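The tour below goes from one selection to the next.

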Amino acid sequence: MAHAVMSDIQELCNKSEELLAHLQSYEKHRDDRDSFIEEIQRLLDEREAIIAHLKATPKTEWETDPEINARIVTMEPEITRLLKIVYTDIQKDRKLLKQKQKSHGKYRNPYANMPRDGAFLDKRK
């Protein structure tokens, strides 16, 4: 069982390195962000499956190689930081798209949200 756990830890380390390398190439792939995000999702799903499998094993079994564990732990903050950059870019683009849609609607129908200033109702008889 220890050998299987060891290969799972090594596989987790490899997937983490692959994810980190992919995230570091974000600037090169901004034009094709959809496929870039799909690849991120695939790698995260694979890592999650490995982590779920490791969680089912006793902790003492997967702590046998502190060097690999340390590499995984040191990669995690950088992975998180790069994921936040991608997420922030997506949020900015969504906000920009909403603003464009709103201004496009104002252009097509400029009088839709006009205030009703100047309306006078005389209550005297």
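Start by selecting Ile 72. Setting aside neighbours within four places in sequence, Ile 72 is in contact with Ile 9, Leu 12 and Cys 13. Keep in mind throughout that this is a predicted model.

Now show the whole protein chain as a cartoon. Its secondary structure consists of four helices and zero strands, giving the pattern α-α-α-α along the sequence. The protein chain has 125 residues, and 24% of them count as buried. Among contacts with a separation of 6 or more, 82% are between residues 24 or more positions apart.

Next, the core. Select Leu 19, Leu 23, Ile 40, Ile 72, Ile 79 and Val 86: within the largest nonpolar core, which has 18 residues, these have the most contacts. Colour helix H1 (2-24), helix H2 (33-55) and helix H4 (66-108), the elements that each give two or more residues to this core. In soluble globular proteins, nonpolar side chains tend to be buried together.

Stay with helix H2. This helix has 23 residues and spans 32 Å from its first C-alpha to its last, close to the 33 Å expected at 1.5 Å a residue. Which residues of H2 are buried? Select Arg 33, Phe 36, Ile 40, Leu 43, Arg 47, Ile 50 and Leu 54 to see them.

A pair of aromatic rings is described by the distance of the centres and the angle of the planes. Tyr 26 lies in the loop between H1 and H2, whereas Phe 36 is in helix H2, so the pair ties together parts that are 10 residues apart in sequence. Both Tyr 26 and Phe 36 are buried.

The last stop is Arg 47, also in helix H2. Is Arg 47 buried or exposed? Its relative accessible area is 6%, and buried means under 20%, so Arg 47 is buried. Show what surrounds this side chain: apart from neighbours within four places in sequence, Arg 47 is in contact with Leu 12, Lys 15, Ser 16, Leu 19, Glu 76 and Ile 79.

Definitions and conventions. Residues numbered from 1 in each chain as written. Predicted model: local features only at pLDDT ≥ 70, side-chain atom pairs only at ≥ 80, totals over all residues. Heavy atoms only, no water. Buried < 20%, exposed > 50% of the residue type's maximum accessible area, 1.4 Å probe, protein only. Contact = heavy atoms within 4.5 Å. Core = buried A, V, L, I, M, F, W, Y, C linked by side-chain atoms within 4.5 Å. Expected span 1.5 Å × (residues − 1).
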